[in-house]
Amino acid sequence: MTEIEQMLKSLKPFFIENSKIPVWLSKITPIDVWAYSFGIWVWCRGEMSEKTKRHETIHFQQQLELGFILHWILYALSWTAGYIRYGNGRDAYYNCMFEKEAHDWDGEEDYLQKRERYAWTKYIGRPVL
Ligand SMILES: [Zn+2]
């Protein structure tokens, strides 16, 4: 691994705790949002556990890999495909390829160090339902 790759891997987003943003988002999305990752920031309703930080850092790394904007577009497409398939937003959320990677690995302490670039691609077309 080159020095740049190592440096990118160790980058983390800014964590903002006790924020109202997840509360507002919960009103317009089908799930109860606890924490939300967008760009270089993560907003959380309360204090973040290590697991939540890891989950959101996985999303941050996914965004880095896709230059942020492409991640948002693919996330929306993946969610929409799930919505068409399952007919509800909650199942669409859990079947989004980016969420599947994050949920599968957020409990693993060293995942961010050992994670391969574009690991989320392994979840394309592998529904959990
Ligand atoms: Zn997530």
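User: Which residue in β3 is the bridge partner of Phe-38?
Analyst: Trp-41 is the bridge partner of Phe-38. Keep in mind that this is a predicted model.

User: How many bridges join β2 to β3, and do they run parallel or antiparallel?
Analyst: Four bridges join them, and the two strands run antiparallel. Strand β3 covers residues 41–44.

User: What's the strand order in the sheet?
Analyst: The order is β1-β3-β2. It is an open sheet of three strands, with mixed pairing.

User: Which are the edge strands?
Analyst: β1 (14–16) and β2 (35–38). Each of these pairs on one side only.

User: And the twist, what does it average?
Analyst: From one strand to the next, 15 degrees on average.

User: What does helix α2 touch on the sheet?
Analyst: Helix α2, residues 21–28, packs on the sheet and touches β2 and β3. Its direction makes about 90 degrees with that of β2.

User: Which strands does α3 touch?
Analyst: Helix α3, residues 50–65, touches β1, β2 and β3 as it packs on the sheet. The angle between the directions of α3 and β2 is about 25 degrees.

User: Trp-120 keeps turning up. Where is it found?
Analyst: In the segment after α7 (111–114).

User: Why does Trp-120 count as buried?
Analyst: Because it has 25 C-beta neighbours inside 10 Å, and 20 or more makes a residue buried.

User: What is Trp-120 in contact with, beyond its neighbours within four places in sequence?
Analyst: Gln-62, Met-97, Phe-98 and Glu-101. For scale along the chain, Glu-50 is 70 residues from Trp-120, and their C-alpha atoms are separated by 21 Å.

User: Ile-124 is in that Met-97 list. Does it count as buried or exposed?
Analyst: Ile-124 counts as exposed, because it has 10 C-beta neighbours inside 10 Å. Ile-124 is found in the segment after α7.

User: How many residues apart are Ile-124 and Phe-98 in sequence?
Analyst: They are 26 residues apart in sequence and 8.9 Å apart in space, C-alpha to C-alpha.

User: Now the backbone. What is the phi of Phe-68?
Analyst: Phe-68 has a positive phi of about 60 degrees, although it is not a glycine. Phe-68 is found in the loop between α3 and α4 (69–86). It is partly exposed, with 15 other C-beta atoms within 10 Å.

User: And Tyr-118, what is its phi?
Analyst: Also positive: Tyr-118 has a phi of about 60 degrees and is not a glycine. Its place is in the segment after α7.

User: Is Tyr-118 buried or exposed?
Analyst: Tyr-118 is exposed, with 12 other C-beta atoms within 10 Å.

Key
Residues are numbered from 1 along each chain as its sequence is written. This is a predicted model: local features need pLDDT of at least 70, side-chain atom pairs count only at pLDDT 80 or more; totals for chains, interfaces and linings use all residues. Two residues are in contact if their C-beta atoms, placed from the backbone, lie within 7 Å. Two strands pair if DSSP finds at least two bridges between them. Axes are lines fitted to C-alpha atoms, for helices over the stretch in contact, and angles run from 0 to 180 degrees between N-to-C directions.
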